[in-house]
Amino acid sequence: MATKVYIVYYSTYGHVEKLAREIEKGAASVEGVEAKLWQVPETLPEEVLAKLGAPPKSDVPIITPNELPEADGFLFGFPTRFGSMAAQFKAFFDATGGLWRTQALAGKAAGFFYSTSSQGGGQETTPLTSITQLVHHGLIFVPIGYTFGGGMFELEKVKGGSPYGAGTYAGDGSRQPSELELAQAFHQGKYFAGIAKKLKGSQ
């Protein structure tokens with residue numbers, strides 16, 4: 001039976017979604033792994049999103065908490081808000097109380113990817129402060145460490161991401177994920193899928 005990896009994200013301007021699509025490709029490149037993209041529900045009214053200049057949402061399906069137990073592993077992605085996950089994603093986690101009560105997700109692998117506006121804007125604090133969500137569910141945090149190799153030490157170009165997971169810098173919204181950031185996202189998907197597959201096989 002295939003190992004199912006769900007890439008669940010929230011994206012305001014599309015930066016996190018671009019990382020998510022590369023992560024999906026990376027996870028799907030592992031034999032015996034099925035990767036699927038999901039969005040969490042939007043909590044802002046359309047008129048507020050319009051004032052923010054946010055583009056329309058893509059056709060990626062909206063997930064509900066009840067669908068999470070179907071997967072063997074999760075990569076959760078979101079933009080930062082003052083060094084922690086965006087409220088939309090926190091609202092989604094807040095709705096998983098029933099799964100927490102039964103520990104339906106315990107023992108499954110999980111990781112993070114993210115977007116910040118600037119250097120020092122949360123590339124490490126965002127995933128670090130999000131680990132509490134995994135802990136209460138009994139999920140097993142899988143960071144990428146330095147498995148991306150030389151790309152982790154790039155100093156000549158601006159590059160998001162950290163040992164916690166893939167990341168990008170959005171700036172004022174006009175900057176798009178670089179080739180190196182997208183490559184790191186692909187790597188995270190592939191690396192994580194391999195871990196999730198091994199973990200499922202050991203159970």
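Colleague: Why is arginine 21 called partly exposed?

Modeller: In this predicted model, arginine 21 has a relative accessible area of 34%. Partly exposed covers values between the buried limit of under 20% and the exposed limit of over 50%, so arginine 21 belongs to the partly exposed class.

Colleague: What makes glutamate 17 count as buried?

Modeller: The relative accessibility of glutamate 17 is 14%. Buried means under 20%, and therefore glutamate 17 counts as buried.

Colleague: How do you know that arginine 21 forms a salt bridge with glutamate 17?

Modeller: The closest N and O atoms of arginine 21 and glutamate 17 are 3.1 Å apart. A salt bridge requires a side-chain nitrogen of Lys or Arg within 4 Å of a carboxyl oxygen of Asp or Glu, so this pair qualifies. The two residues are four apart in helix H1 (residues 15-28), which means that about one helical turn separates them. An α-helix has 3.6 residues a turn, so residues three or four places apart point the same way.

Colleague: How many salt bridges does the structure hold, and which residue pairs with lysine 57?

Modeller: The structure holds six salt bridges. Lysine 57 pairs with glutamate 42, the closest N and O atoms being 3.0 Å apart. Lysine 57 lies in the loop between H2 and S3, and glutamate 42 in the loop between strand S2 (33-39) and H2, so the bridge ties together parts that are 15 residues apart in sequence. Lysine 57 is partly exposed at 34%, and glutamate 42 is partly exposed at 24%.

Colleague: Which residue forms a salt bridge with aspartate 72?

Modeller: That residue is lysine 200, with the closest N and O atoms 3.4 Å apart. The pair links distant parts of the chain: aspartate 72 is in the loop between H2 and S3, whereas lysine 200 is in helix H6 (residues 179-201), 128 residues away.

Colleague: Why is the aromatic pair of phenylalanine 78 and phenylalanine 112 called tilted?

Modeller: The structure holds 13 aromatic pairs. In the pair of phenylalanine 78 and phenylalanine 112, the planes are 55° apart and the centres 5.7 Å apart. Rings pair if their centres lie within 6.5 Å, and planes under 30 degrees apart count as stacked, over 60 as edge-to-face and the rest as tilted; therefore this pair is tilted. The pair joins strand S3, which holds phenylalanine 78, to strand S5, which holds phenylalanine 112, across 34 residues. Both phenylalanine 78 and phenylalanine 112 are buried. They also belong to a cluster linked by ring pairs, including Phe74, Phe89, Phe141 and Tyr164.

Colleague: Which residues of helix H5 are buried, and what do they pack against?

Modeller: The buried residues of helix H5 (residues 125-137) are Thr126, Pro127, Ser130, Ile131, Gln133, Leu134 and His137. Their packing partners include strand S3 (73-81), helix H3 (87-94) and strand S5 (109-116). Glycine 138, with a positive phi near 75°, follows H5.

Colleague: Which residues form the nonpolar patch on the surface?

Modeller: The patch consists of Tyr13, Leu44, Val48 and Leu52, with about 300 Å² of accessible area together. Valine 48 is in helix H2 (residues 46-52).

Colleague: What makes the protein as compact as a globular protein of its length?

Modeller: The protein has six helices and seven strands. Its radius of gyration is 16 Å, close to the 17 Å that the globule rule gives for 203 residues, so the protein is as compact as a globular protein of that length. Of the 203 residues, 46% count as buried.

Technical notes: Residues numbered from 1 in each chain as written. Predicted model: local features only at pLDDT ≥ 70, side-chain atom pairs only at ≥ 80, totals over all residues. Heavy atoms only, no water. Patch = residues over 30% accessible without salt bridge, like charges linked within 9 Å, V, L, I, M, F, W, Y side chains within 5 Å. Areas by Shrake-Rupley, 256 points an atom, 1.4 Å probe, with all protein chains shown as cover. Buried < 20%, exposed > 50% of the residue type's maximum accessible area, 1.4 Å probe, protein only. Contact = heavy atoms within 4.5 Å. Rg over C-alpha atoms; globule rule 2.2 N^0.38 Å. Phe/Tyr/Trp six-rings, centres within 6.5 Å; stacked < 30°, edge-to-face > 60°.
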